[in-house]
Amino acid sequence: MSKKYVLRGYKMNSTQRTRLKIFPEVIRNDDGVSVSGTVNHVTLIQTDKENEGLLNDSNKIPNASRNEKFFTFLESKKVTITMSLVTIYALFADDIKTLAFAKSSDDIFSTLVVICLLLFTGELVLSSLYKPNYKWSFYFWLDLVATLSLITDIGWIWDNFIGVSNTSSNNKQLQNAGKASRAGTRTSRILRIIRLIRLIRLVKLYKNAQIAIKNTGDEEEQEQLKEELQNLGQESRVGKKLSEVTMKRVILIVLIMLFLLPMFEYDFYASSQTSWEYGVNELQKFLNNDGFEIVKNQYINYHKNDLRPLVYLSWTNVTGDYDWNGDINYNDLRYNEIFYYSYKNIISIFDLRYDSKLISLLNIFKTLFICVVLTLGALFFTKDAENLVIKPIEIMLAKVRRIAKNPLSAMEIKTTHNITQLANKKKTCVSCSKKLIKSSDYETMIIENTIIKIGILLALGFGEAGSAIIGSNVEKNQDIDSIMSGNKIVGIFGFCDIRNFTDTTEELQEGVMKFVNEIAQIIHGLTSKYFGAANKNIGDAFLIVWKFSEEEVYIEDEIVIRNPSSKRAFYVPDLALFSFMKILAKVHKDPNILKYRTFQKLLQRMPNYEVKMGFGMHMGWAIEGAIGSQFKVDASYLSPHVNLASALEASTKMYGVPILISGAFYDILSNDIQNYCRKIDVISLKSISKPFSLYTCDCDFNHFIPGKLTSRKKEVYRKKHKTLKKKLEKGEISTKQIFNKSDEFSLMRDGFTYDFYNNFRNGVKFYITGEWMQAKSYIEKSLEIRPKDGPSISLINFIGEFAFQCPNYWRNCRFIG
């Protein structure tokens, strides 16, 4: 009995239903079902009903169609292996039967052939019904003809068809032997063709082997194989068509040669006279003469111990009917294992098992040889076309699909592409490389490189916010649509600003572009390393976004709810703060940035000049999409939460700190990282309905010394990003350890003592509650410890404007217009 949840007094949309499934911690079970305070406007009532899931039919999964089920069954590992084994039996069983088993075992082999025939027929029928494009196709006719060829291996059917049957009387035995011999002579040529037709089964075996290779391995290996195939690209229609056409031609060429070549041999039409026939003719001449007995004994002795021994001889003379029997009963031999010859009154029968076994052995090797020919033929016929045309097209198509799915992966594709090219160059023969055309000179390689470059430029131009625009337009075979609806996302928004930028621009002139880009290189690299993505570059300002998926985080009534099963939702906020702290440290120690401290024009205009930056961080929702028209489009984020991050950055000047953090962002930090943050105020903005707390992460750069130049290549940051993500997902490292292991972070925290924080914390507490005289006392104590502390100076100045007396309209927060 399963549980059903229904709604009372509230209709939920599909997104909310999905969230309740993804975030089960929202629901708690207290004598029925209720919802926690995060979504308390929804009331759920639990009832019991069989075969029903959460929120009525929202959990139902549509049943796969019958065609898909049968197709999956036919392509499954078990069926593929079974039919491959049956195919191998059908190819070799008749030859093995002749080679190693007596005639008494023929009924068993015939029974097994009937089973094979039924299996092949069943597979043929099911494939015709449920495999797309199979019925009446080239392979359908091959399978049909090959299946019908098995009838010749069923003794009960084939022996009666050629007029051979087992009888008991001696006269009937001789008649049967005669028929068998004549049938063997007459049908041996036909059986050559039929056995060749059976080799068509090799095509089926070849295709089954390909399917079996794809289906081997456990689920983890299967997923890894699928991922590799997706990275390498799916087989294109051109490639499929070329492979199919080539395979057909190889099959037809091989089979036609096998069918036609025997027809140009003499023994296909006639047989040469043997000593068996010549001896019988000579015996007939001596019949009823005195020398017959001597000649007869010579004939018997000559052929008795031969590879093809005489097993029966009979003659009729004037005195009666006589016969001679060898050690072997000719009736125990198959019709293709005897040679019967009669001339007038004399009959002879020879044992041809040596020949039949040799033919069977040769047939086995012929089957194996043709299997090799078909495989190598299919490979070598398409090798050049595959390497020069088909594979490059499929790789290009795969990269286009990958860029369409995730435009930001263009740079990663380039890295993989370069590594592949380098590996190929190492494999190239040095002595031959000068004579051959470089692979980069091929038109397909030029197109591939161009696609990668275009993808990189698109990713750089649009950024993460524009990935949907790029992806949708690449996937559509229509005109470019740059004006699209936005998409609501949840993320962390960080604004960065370069201080005194106007003055710096006027002094640096053309050099300001290099100045900004050197700072941008630090900001973009470090935020990318710590899971962020650069969005806007507006002169002196940068917008950085840490975006979450719907499965990780969503916001309900301005409250952030995180999926407890998502590790990323919990470590990304900590690392977002850490990335900004690392940027501040880098700006104060990087030689490329420190050189501007000695730039004379800047020093003349701004004495003691150094590059300073302000940062604002907030957590909330935004609309991600394109802004502009058909003439120019920018991908960005629109939201009051984005504006709030910008406002926080602007307020850093007022509070004298390099970074300000909203209460919403502070709340999603881990407890260990919250300890590094200091609450400095509670403010109310005109654009925000509710007051919120303001925090900062303290840092002092007075003890920093110039560092060394380090690599700023994207590949370096990408590698560090992957390594860090792997360790975090596996739990090998925590964000607390990352903070604690950073020498730069420890150095910038030096000088912030417990007494300082304790005094300031008490001062802020009395400041918020309106007891400003007490607040003044504690804040002044904190200023005694750190005289240049910006938040302390800001608060003491603000309450000093009111003579340290709290006004009547004070609502426990500072209003900033």
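This is a predicted model: local features need pLDDT of at least 70, side-chain atom pairs count only at pLDDT 80 or more; totals for chains, interfaces and linings use all residues.
## Overall make-up

The protein has 817 residues, and 45% of them count as buried. Its secondary structure comes to 31 helices and 19 strands. Among contacts with a separation of 6 or more, 73% join residues 24 or more positions apart. The accessible surface comes to about 45200 Å². Carbon and sulfur atoms account for 56% of that area.

The UniProt record, an unreviewed entry, carries the annotation "transmembrane region" for residues 79–102, 108–126, 138–158, 250–269 and 358–381. In the model, residues 79–102 are 92% helix and 0% strand. The end C-alpha atoms of residues 79–102 are 32 Å apart. Residues 138–158 are 71% helix, again with 0% strand. There the end C-alpha atoms are 28 Å apart.

Serine 128 sits in helix H4, which covers residues 106–130. Its relative accessible area is 15%, so serine 128 is buried. Setting aside neighbours within four places in sequence, serine 128 is in contact with Tyr134, Lys135 and Phe140.

A surface patch of about 900 Å² is made by Leu252, Ile253, Ile256, Met257, Leu260, Leu261, Met263, Phe264 and Phe381. Helix H10 (residues 237–260) supplies the largest share, five residues. Phenylalanine 381, another member of the patch, belongs to helix H13 (residues 353–405). Phenylalanine 381 counts as exposed because its relative accessibility is 54%, over the 50% cut-off.

## The cores

The largest nonpolar core has 67 residues. Ile492, Phe515, Leu577 and Phe665 have the most contacts inside this core. Helix H20 (residues 568–587) gives the most to it, with 13 residues. A separate core has 28 residues, among them Leu685, Phe760, Ala775 and Cys813.

Beyond its neighbours within four places in sequence, phenylalanine 665 touches Ile492, Pro573, Ala576, Leu577, Met617, His618 and Met619.

Isoleucine 661 lies in strand E16 (residues 659–662). With a relative accessible area of 0%, isoleucine 661 is buried. Leaving out residues within four places in sequence, its contacts are Leu577, Met617, Leu648, Tyr666, Cys677, Ser693, Leu694, Tyr695 and Cys697. Leucine 648 is 13 residues from isoleucine 661 along the chain, and their C-alpha atoms are separated by 7.3 Å.

## A buried histidine

Histidine 303 is part of helix H12 (residues 292–304). Is this residue, histidine 303, buried or exposed? Histidine 303 is buried, since its relative accessible area of 2% is under the 20% cut-off. Not counting residues up to four places away in sequence, histidine 303 touches Ser275, Trp276, Arg308, Pro309, Leu310 and Phe350. Phenylalanine 350 is 47 residues from histidine 303 in sequence, yet the two C-alpha atoms are 8.7 Å apart.

## Charged pairs

Side chains of opposite charge can pair when their charged atoms come close. The count here comes to 21 salt bridges.

Arginine 334 is buried, at 5% relative accessibility. Aspartate 106 is buried as well, with a relative accessible area of 15%.

The pair of lysine 285 and glutamate 282 is a local one. These residues are three apart in helix H11 (residues 275–286), so about one helical turn separates them. Lysine 285 is exposed, with a relative accessible area of 56%.

Arginine 597 is partly exposed at 31% relative accessible area, and glutamate 610 is partly exposed at 26%.

Salt bridges can also form a network: Asp503, Glu506, Glu507 and Arg605 are linked in this way.

How values were computed
Residues are numbered from 1 along each chain as its sequence is written. Side-chain values use heavy atoms; hydrogens and water are left out. A nonpolar core is a set of buried Ala, Val, Leu, Ile, Met, Phe, Trp, Tyr and Cys residues joined through side-chain atoms within 4.5 Å. Buried means under 20% relative accessible area, exposed over 50%, partly exposed in between (1.4 Å probe, protein chains only). Helices (H or I, at least four residues) and strands (E, at least two) are DSSP runs, numbered from the N terminus. Contact means heavy atoms within 4.5 Å. Patches are made of residues with over 30% relative accessible area and no salt bridge: like charges are joined within 9 Å, nonpolar side chains (Val, Leu, Ile, Met, Phe, Trp, Tyr) within 5 Å. Accessible areas come from the Shrake-Rupley method with a 1.4 Å probe; for residues, only the protein chains shown count as cover. A salt bridge is a side-chain nitrogen of Lys or Arg within 4 Å of a carboxyl oxygen of Asp or Glu. UniProt positions are given in the numbering used here, feature names are shortened, and annotations may be inferred rather than shown by experiment.
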